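Hello,

Here is the structure I promised to hand over. Please open it first, then read my notes below.

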6 protein chains.
Amino acid sequence: MRHKVLTESVESLAGLDSLQTLFDRDTQVFRMPSERVLAEIVDLMRDVMFPYHYGETPVYGDTLKYYIGVRVDRLARLLNEQVTIALQYECNKCPNAHQQAGEVTQQFVARLPELRRVLTTDVVAAYEGDPAAKNHGEIISCYPVIKALTNYRMAHELLLLGVPLIPRMLTEMAHSETGIDIHPGAQIGESFTIDHGTGVVIGETCVIGRHVKLYQGVTLGARSFPLDENGNPIKGIPRHPILEDDVIIYSNATILGRITIGRGAQVGGNIWVTHDVPAGCRVVQSKAKQETTK
Amino acid sequence: MRHKVLTESVESLAGLDSLQTLFDRDTQVFRMPSERVLAEIVDLMRDVMFPYHYGETPVYGDTLKYYIGVRVDRLARLLNEQVTIALQYECNKCPNAHQQAGEVTQQFVARLPELRRVLTTDVVAAYEGDPAAKNHGEIISCYPVIKALTNYRMAHELLLLGVPLIPRMLTEMAHSETGIDIHPGAQIGESFTIDHGTGVVIGETCVIGRHVKLYQGVTLGARSFPLDENGNPIKGIPRHPILEDDVIIYSNATILGRITIGRGAQVGGNIWVTHDVPAGCRVVQSKAKQETTK
Amino acid sequence: MRHKVLTESVESLAGLDSLQTLFDRDTQVFRMPSERVLAEIVDLMRDVMFPYHYGETPVYGDTLKYYIGVRVDRLARLLNEQVTIALQYECNKCPNAHQQAGEVTQQFVARLPELRRVLTTDVVAAYEGDPAAKNHGEIISCYPVIKALTNYRMAHELLLLGVPLIPRMLTEMAHSETGIDIHPGAQIGESFTIDHGTGVVIGETCVIGRHVKLYQGVTLGARSFPLDENGNPIKGIPRHPILEDDVIIYSNATILGRITIGRGAQVGGNIWVTHDVPAGCRVVQSKAKQETTK
Amino acid sequence: MRHKVLTESVESLAGLDSLQTLFDRDTQVFRMPSERVLAEIVDLMRDVMFPYHYGETPVYGDTLKYYIGVRVDRLARLLNEQVTIALQYECNKCPNAHQQAGEVTQQFVARLPELRRVLTTDVVAAYEGDPAAKNHGEIISCYPVIKALTNYRMAHELLLLGVPLIPRMLTEMAHSETGIDIHPGAQIGESFTIDHGTGVVIGETCVIGRHVKLYQGVTLGARSFPLDENGNPIKGIPRHPILEDDVIIYSNATILGRITIGRGAQVGGNIWVTHDVPAGCRVVQSKAKQETTK
Amino acid sequence: MRHKVLTESVESLAGLDSLQTLFDRDTQVFRMPSERVLAEIVDLMRDVMFPYHYGETPVYGDTLKYYIGVRVDRLARLLNEQVTIALQYECNKCPNAHQQAGEVTQQFVARLPELRRVLTTDVVAAYEGDPAAKNHGEIISCYPVIKALTNYRMAHELLLLGVPLIPRMLTEMAHSETGIDIHPGAQIGESFTIDHGTGVVIGETCVIGRHVKLYQGVTLGARSFPLDENGNPIKGIPRHPILEDDVIIYSNATILGRITIGRGAQVGGNIWVTHDVPAGCRVVQSKAKQETTK
Amino acid sequence: MRHKVLTESVESLAGLDSLQTLFDRDTQVFRMPSERVLAEIVDLMRDVMFPYHYGETPVYGDTLKYYIGVRVDRLARLLNEQVTIALQYECNKCPNAHQQAGEVTQQFVARLPELRRVLTTDVVAAYEGDPAAKNHGEIISCYPVIKALTNYRMAHELLLLGVPLIPRMLTEMAHSETGIDIHPGAQIGESFTIDHGTGVVIGETCVIGRHVKLYQGVTLGARSFPLDENGNPIKGIPRHPILEDDVIIYSNATILGRITIGRGAQVGGNIWVTHDVPAGCRVVQSKAKQETTK
């Protein structure tokens with residue numbers, strides 16, 4: 001009896017009808033990038049960006065090259081494989097996925113030193129923004145923003161190289177780990193930092209300058225989706241805020257729509273901003289009345 | 001000397017006095033469901049609900065049945081074992097825990113195809129709600145709401161079948177992973193979706209209709225606990241909101257108490273709502289004054 | 001060709017120039033505490049604090065001592081090793097790091113029974129604060145606050161013992177797991193609890209009394225950093241709130257600066273508080289106007 | 001096409017006809033003891049018998065009890081489970097397998113100190129027999145005979161307690177590891193040792209006294225199986241040699257049948273012995289002629 | 001200093017000169033089949049041949065098909081991959097290795113039911129040859145000959161299908177595990193068995209009939225290699241013995257050269273045989289004189 | 001009751017009396033080299049000696065250096081740690097074990113290229129001795145002699161450097177894996193090979209020239225131990241055979257005592273040799289009479 005229930009359930013679950021809606025395209029390729037492999041890629045990336053900091057081996061001068069070499073080589077292999085899968089899924093048995101993946105991987109590997117340089121500016125920004133931090137090592141090992149930005153900067157690079165699916169998966173993995181949700185399409189300048197981070201949302205078409213700082217719970221979102229004449233959302237239209245250099249947004253502020261927060265402006269906590277803020281200005285909530293009762 | 005410190009500490013930690021408060025019942029059964037095993041159950045569940053999407057093997061037509069069969073069989077074994085432990089913990093050596101666990105498992109296995117059907121409506125809802133999404137596969141692999149709902153819908157089913165402890169553990173695991181905290185007792189209709197998700201809280205007695213959408217930071221909570229004549233909270237009284245079909249709640253809104261948000265109503269971001277909202281209405285915050293200073 | 005790209009990238013990544021900024025001190029010790037080992041330490045700590053609850057073995061009376069003994073012994077070894085690494089990183093080849101680590105470990109081991117006692121009061125507080133909870137076991141296995149507090153109380157103890165880096169890493173691990181971000185420097189009394197928890201931030205110089213309860217999204221933060229005459233933030237100045245006994249802070253409230261929330265006071269949700277609240281008072285937002293449009 | 005080949009092969013392999021001969025009894029219990037679990041049991045046994053020698057943790061005085069306690073407890077659990085499976089396989093759903101397994105396990109646990117005592121005599125015998133050995137620790141960690149005897153003495157004890165299948169599996173595991181094939185039914189006295197060991201075979205009804213030493217390649221076998229009136233081998237008849245105390249058998253000697261090698265006798269290498277050897281005698285091959293050609 | 005020694009050693013070890021002799025062919029493909037993957041293939045093969053016996057899951061009727069299906073599918077994937085590597089190594093970038101590997105795999109999968117049938121005759125032969133054995137299950141789980149034959153029969157099949165390297169690696173893995181060294185080229189009939197097994201060697205061109213039994217230490221070897229006119233060994237010439245049906249060879253006998261042991265003949269232990277033995281005959285050593293001295 | 005049996009057994013097993021004989025020296029250091037770590041060292045050694053052959057990654061030209069570098073570095077760390085443990089065990093808290101281990105490790109690392117060179121001659125010898133072998137890669141991946149010699153040559157080197165315990169453990173690990181038992185003290189020239197190998201024993205003071213070949217089951221042993229005036233075996237006296245260059249010993253031959261097998265001599269199978277064999281001679285057994293009965 002018990003077995004009958006099980007086999008009937010299995011038959012139903014494996015039936016094509018049951019799966020029809022999930023597969024919304026005319027595809028015979030049923031394979032997607034693996035979250036487990038992407039997690040290894042992220043670990044390798046962090047080790048390569050910040051050697052000594054996450055690795056457990058006390059690597060010293062002359063051997064560092066060996067360790068980085070092995071990690072970059074493995075990172076390249078795994079990335080090549082996952083990008084191939086993502087391209088095949090996207091274009092349904094696209095014929096030159098292997099070749100394209102090889103080129104993407106090569107370009108990504110060549111960009112690693114530049115990614116290190118930019119992430120180093122983020123470490124310095126976090127360090128300078130927090131008087132309690134004692135050294136850069138503490139920032140790298142204890143501050144969630146560094147993990148979130150390593151994933152984001154890697155994902156953004158892959159997005160620029162035309163890789164589907166994987167960029168979004170990478171930033172979502174950082175979202176799960178840190179509570180910081182950055183869309184891989186956002187453009188974020190150097191020396192960027194986020195304090196605490198839980199609940200931060202940075203939308204797809206955001207443009208963020210240099211030396212910008214956010215606090216926990218900040219949303220940089222869209223107001224609404226412009227619709228085309230058929231009532232469908234128009235894709236690719238800029239709909240998220242622009243933050244110029246040196247902007248600070250305090251905790252739980254919500255900035256919505258394609259507005260500009262000018263250079264050096266500050267937005268106070270818990271504020272809902274839907275209009276431009278001029279450079280150098282400070283926007284704070286007019287004191288809400290509160291009632292104190294005994 | 002060092003050893004003496006250690007053994008004294010161990011003796012104290014293993015002493016019954018030291019543990020007395022932790023075990024608040026007259027029990028001799030000291031065993032609880034294992035988070036590690038529940039994590040494997042969740043992995044199996046996700047693979048069975050969305051074959052191809054999380055699994056790393058490129059499964060093809062004829063072999064899909066084998067893979068689903070093995071996973072459902074293992075899921076059934078593990079669930080049977082954990083439900084037994086949970087029942088025994090709950091009722092303290094309850095005599096027919098094994099039999100009851102067997103029945104629960106069988107009923108749960110029989111419900112799997114229906115759970116797949118409902119979760120598919122959630123995938124479609126997330127897809128249709130986000131113009132940026134390219135296909136259902138992207139939704140399943142990249143959107144945290146799908147993981148949170150898979151755990152929740154599984155947990156809710158087990159709660160209806162009378163399983164203690166485990167439903168709460170399952171949704172808490174999704175809470176840790178996604179920042180979305182749904183109580184397994186909440187009733188949630190088909191085609192439900194949450195954007196971003198971090199900070200969302202959905203309380204135990206919520207009733208949510210079809211095609212409802214929430215954004216990050218939304219709380220559907222209780223205002224206060226009704227007390228009985230002895231000043232103790234009365235259990236089981238509906239104390240969380242009702243959201244009818246087609247409702248949208250924007251980010252960081254807080255909806256408290258047993259109120260009803262009528263069909264098609266929309267609640268703006270950062271709003272604190274403690275009264276009913278009529279069907280079709282839109283509630284937004286009257287513009288708070290903000291001061292801009294240079 | 002492909003190999004050339006890889007080796008060039010590796011050479012650049014392993015070059016000292018490329019790493020110069022990351023290592024901001026004159027150091028030859030390139031090793032930091034391992035997150036993987038700290039994760040095992042946390043698992044051991046939780047098993048020792050709450051035997052039976054996380055462990056998968058049904059431990060019974062006479063053998064409990066063996067299991068706790070092995071876990072405490074392993075915890076002591078791993079902690080000793082990690083504290084040594086942290087001390088060496090901090091003081092750059094400091095000569096007596098091994099001895100100091102041994103002393104710290106011994107003192108920490110001696111404190112374990114007291115840590116259990118305090119954590120038990122937190123379990124009871126969570127249980128009494130939630131009418132839905134059926135027993136202490138459910139609290140320990142399902143409520144994220146217990147995990148966050150186990151890490152915090154362990155980290156705070158190590159901070160008091162002079163351990164660098166590790167306390168912050170431990171609370172950050174709990175932050176990632178639960179969304180609750182408690183600085184290890186905060187002082188938190190017995191019987192403390194947090195409901196749901198996502199987004200809670202508790203700053204470094206907070207002082208929290210007994211029987212205090214927070215809800216999700218609460219920030220106990222600093223207003224600004226007092227600067228010294230050179231414009232640098234002055235370290236160690238109290239800049240976060242004091243919460244006296246029996247205080248309740250509702251969801252998403254933001255309490256900023258070195259203010260005092262008096263004994264038994266309650267702060268309503270979504271409020272921004274920057275001034276003292278007298279004992280026994282209740283602060284709520286004066287009803288914000290909301291517009292309902294059809 | 002490829003899928004068809006696979007599914008046809010699977011159908012055939014899973015068909016009952018295909019399996020009929022393998023299952024030679026009217027059984028519905030298709031489960032046997034697990035080699036993987038038995039391997040863990042052997043590891044635990046070796047650690048308990050020779051603490052410090054195989055374990056990797058530097059256990060010291062006061063904590064030794066904890067480590068042995070945890071290992072004995074786990075050994076008891078695993079053994080209990082595997083003995084239950086073996087009994088059920090043997091008697092086909094035998095109703096009191098659980099109870100019987102519990103009793104066997106308890107008696108085995110009670111015998112552990114005596115097994116340690118006897119194995120210690122084996123260590124001393126190996127040490128005294130090899131002038132090159134520097135200490136007992138070297139014997140335990142480097143000499144295969146100690147591993148073979150630990151498995152054998154454990155297996156023999158379980159055989160005496162009525163456990164089917166497992167004793168044979170345990171000695172076969174040692175056979176694979178060391179090339180020494182001892183039937184668990186053999187009776188072997190204290191202070192027994194084997195040098196090198198590869199190719200040694202000790203049959204089921206052997207009786208071996210104290211202080212006996214064998215070299216590599218020695219067979220203690222049966223000549224033929226006595227048949228009953230129907231021509232079937234009669235089971236349980238003693239058919240292997242008796243070696244009295246202080247016997248030495250040199251390499252590759254073959255001793256066959258229920259003969260007695262008397263106290264203190266020595267049998268030279270490469271000899272084929274099928275008759276009794278009196279006590280104190282030395283049997284050597286009469287010099288075989290060899291031709292030396294250039 | 002220490003680092004210099006290491007880097008110099010590494011430079012030397014990675015130098016092409018240092019590796020020149022190891023790579024005796026003009027190859028740019030440096031990859032060989034993986035012993036680790038082959039070990040998994042062997043485990044899958046044993047589980048598929050003898051379901052229930054090595055697997056740890058209590059598989060029951062209706063689910064057996066799922067388990068076998070998943071295992072055969074994985075076995076096919078892994079084999080496909082390893083055969084591709086072996087073909088590429090053999091023919092140095094041979095262009096159609098992928099296609100050929102696919103065909104080999106498919107033919108091998110189709111042969112699995114026949115391999116099960118033959119291995120079952122081996123189980124029955126071992127069972128009938130040992131009066132102590134209680135059932136077929138005991139034979140499968142405890143007798144090394146079954147493991148050796150599973151590897152051999154698999155390897156022989158692959159050899160017939162033209163696979164290089166892997167057949168030899170498979171039988172060598174069984175040699176390491178059981179001490180039984182069977183060349184994959186040997187032809188061995190049904191119902192074959194070996195008792196104990198350590199030290200048995202069966203050469204490449206052996207031809208063994210049905211119902212043949214060997215004991216431990218038996219060598220079926222070559223006398224010498226026939227040389228061609230240049231003094232090089234001629235490959236592929238039959239140089240090992242033929243054993244007709246029902247032959248028994250007792251322990252440590254050595255049978256050398258292309259001789260024939262006739263149907264039903266028996267060869268006694270420790271004998272050196274280099275000439276034909278007629279059918280039905282029994283060859284035993286004329287009693288060697290032994291000297292007994294006191 | 002059951003618990004009482006267990007705790008009594010544990011108390012007894014952890015008691016010092018029970019362990020007294022096992023620890024035959026006045027020691028407080030209870031730690032020995034770990035077989036698990038040594039197994040990793042062996043894997044690293046094999047990968048470094050024969051890159052591409054055991055590793056699973058398809059390493060190509062430019063990256064080979066990275067892979068070898070990381071493996072040699074890890075090998076050096078692990079060896080350093082294990083040698084320290086072995087030295088401390090040997091000399092009981094010997095004060096400069098760390099320094100001595102560091103020197104040993106450094107010298108061993110410097111010898112790696114020479115070890116590769118010698119092992120390559122062994123590969124060539126095995127290849128030239130077996131006409132069936134197709135290339136050096138097949139020898140390395142399929143022939144047990146290469147594994148046995150890699151362990152032996154490593155162990156011999158460590159023995160020369162004064163390392164206790166570990167050399168013997170390394171060769172015993174190869175003994176378990178291949179059935180070939182070579183004492184690390186034996187001196188073995190280049191281009192050495194063993195066919196099949198099971199049962200081969202090579203004693204501590206053997207001296208073996210170049211281009212020597214052994215077959216399975218060959219023993220190169222001692223006849224007896226010379227005793228000193230007190231009747232104790234005298235250590236360090238040469239007691240095993242000398243085999244000069246180009247010697248061949250056929251299967252199961254036993255060569256005993258400090259005799260010399262002259263250059264180019266051959267010893268036939270199953271022979272027992274206790275006297276010198278002149279150079280160029282061939283010793284074979286005079287045909288033993290065999291009786292053939294029908």
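**Tyrosine pairs and ring contacts**

D:Tyr215 is buried, because its relative accessible area is 15% and the cut-off for buried is under 20%. Keep in mind that this is a predicted model.

The ring partner of D:Tyr215 is D:Tyr250. The two rings are stacked, at 5.1 Å centre to centre with 15° between the planes. The pair joins distant parts of chain D, 35 residues apart. D:Tyr215 lies in the loop between β6 (213–214) and β7 (219–221). D:Tyr250 lies in the loop between β9 (248–249) and β10 (254–256). With a relative accessibility of 23%, D:Tyr250 counts as partly exposed.

Now look at chain B. How many aromatic pairs does the structure hold over all chains? There are six. One of them is formed by B:Tyr215 and B:Tyr250. Their ring centres are 5.1 Å apart and their planes are at 20°, so this pair is stacked. It links distant parts of chain B, again 35 residues apart. B:Tyr215 is in the loop between β6 (213–214) and β7 (219–221). B:Tyr250 is in the loop between β9 (248–249) and β10 (254–256). B:Tyr215 is buried, at 16% relative accessible area. B:Tyr250 is partly exposed, at 24%.

The charged end of C:Arg168 sits over the ring of A:Tyr143, 4.5 Å from the ring centre. F:Arg168 has its charged end over the ring of D:Tyr143, 4.5 Å from that centre.

Best wishes

How values were computed
Residues numbered from 1 in each chain as written. Chains lettered and ligands numbered in written order. Predicted model: local features only at pLDDT ≥ 70, side-chain atom pairs only at ≥ 80, totals over all residues. Heavy atoms only, no water. Phe/Tyr/Trp six-rings, centres within 6.5 Å; stacked < 30°, edge-to-face > 60°. Helix = DSSP H or I, 4+ residues; strand = E, 2+ residues; numbered from the N terminus. Buried < 20%, exposed > 50% of the residue type's maximum accessible area, 1.4 Å probe, protein only. Lys NZ or Arg CZ within 6 Å of the ring centre and 35° of its normal.
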